[in-house]
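Work through the exercises below with the model open. Each task is followed by a solution in steps.

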Amino acid sequence: MGVNEAVLEYLVGQNRPYSATDVTQNLLNAHSKGAVQKALEHLAAQGRIIEKENGKQKVYCALQNESGGASKEEAARELQELSASVASATQNLRAVEQQVREAEAELKSLLGAPTTDEAESEVAALELRVQRLRAKLADLTDTCVKVNPEDRKKVDRLHETMLREYRKRKRMCMDVLEQVLENHPKSKKELIEEIGIVTDEEAGYKL
């Protein structure tokens, strides 16, 4: 029996849609998939079977004569139902794949998180550090000398007085220095270094 007759006989006997791969396997690989595919296309071109394309896959169903029972319309309807089933299964598969990806992401996140023992150990270490810092703060508070507000005001006033006096004397010193520079061959910087004056800038002090 040739491949065309074998394929047609199988489809008529089964009376349901099959793909080329299904037919090849169900015929126990008696014919190659390529030969089965060509036979299906040839039979479809002759109008002896129905071809239905569903995405990248094609399925085929035999046309039964009246004595066989099934009509062309019934076969077409069955093919349509099969296509709908394939589309539904594909949609369900995509949904399951999405759920798998989400589960894998959640698992990866859980594996990256610290274990209960590790978290408890870290919390204990932080609590110990807090206790030490609190003890240190308490020691500093106990040894800190509290200044009376009135005494603080006196110190602030004295500081302002000394600062004004310092500025006054600095200005007088600079005036004398400028007078000396009028008849001195060296620069101001050289003269300051020679005399041994330490400026505010050198001392890192800002008024």
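**Exercise 1.** In this predicted model, is Cys173 buried, partly exposed or exposed?

Solution. Step one: take the relative accessibility of Cys173, which is 32%. Step two: compare this with the cut-offs, under 20% for buried and over 50% for exposed. Cys173 therefore counts as partly exposed.

**Exercise 2.** Classify Cys61 in the same way, then state how many disulfides the structure has.

Solution. Step one: Cys61 has 0% relative accessibility, so this residue counts as buried. Step two: a search for disulfides through the whole structure returns zero.

**Exercise 3.** Which residues line the largest pocket, and which element gives the most to the lining?

Solution. Step one: list the lining, which consists of Tyr166, Lys170, Cys173, Met174, Lys188, Ile192, Ile197, Val198, Thr199, Asp200 and Glu201. Step two: assign elements; α6 (149–181), α7 (188–195) and α8 (200–203) each give two or more residues. With four residues, α6 gives the most.

**Exercise 4.** Which members of the largest nonpolar core touch the most other members?

Solution. Step one: the core has 15 residues, and those touching the most other members are Val7, Tyr10, Leu11, Val23, Leu40 and Ile49. Step two: the elements that supply two or more residues to this core are α1 (3–14), α2 (20–26), α3 (33–45) and β3 (57–62). Step three: follow Val23; with neighbours within four places in sequence set aside, Val23 contacts Val7, Tyr10, Leu11, Tyr18 and Val36.

Key
Residues numbered from 1 in each chain as written. Predicted model: local features only at pLDDT ≥ 70, side-chain atom pairs only at ≥ 80, totals over all residues. Heavy atoms only, no water. Core = buried A, V, L, I, M, F, W, Y, C linked by side-chain atoms within 4.5 Å. Buried < 20%, exposed > 50% of the residue type's maximum accessible area, 1.4 Å probe, protein only. Contact = heavy atoms within 4.5 Å. Disulfide = S-S within 2.5 Å. 1 Å grid on protein atoms, 1.4 Å probe; cavity = no way out; pocket = protein on both sides within 12 Å on 5 of 7 lines; lining within 4 Å.
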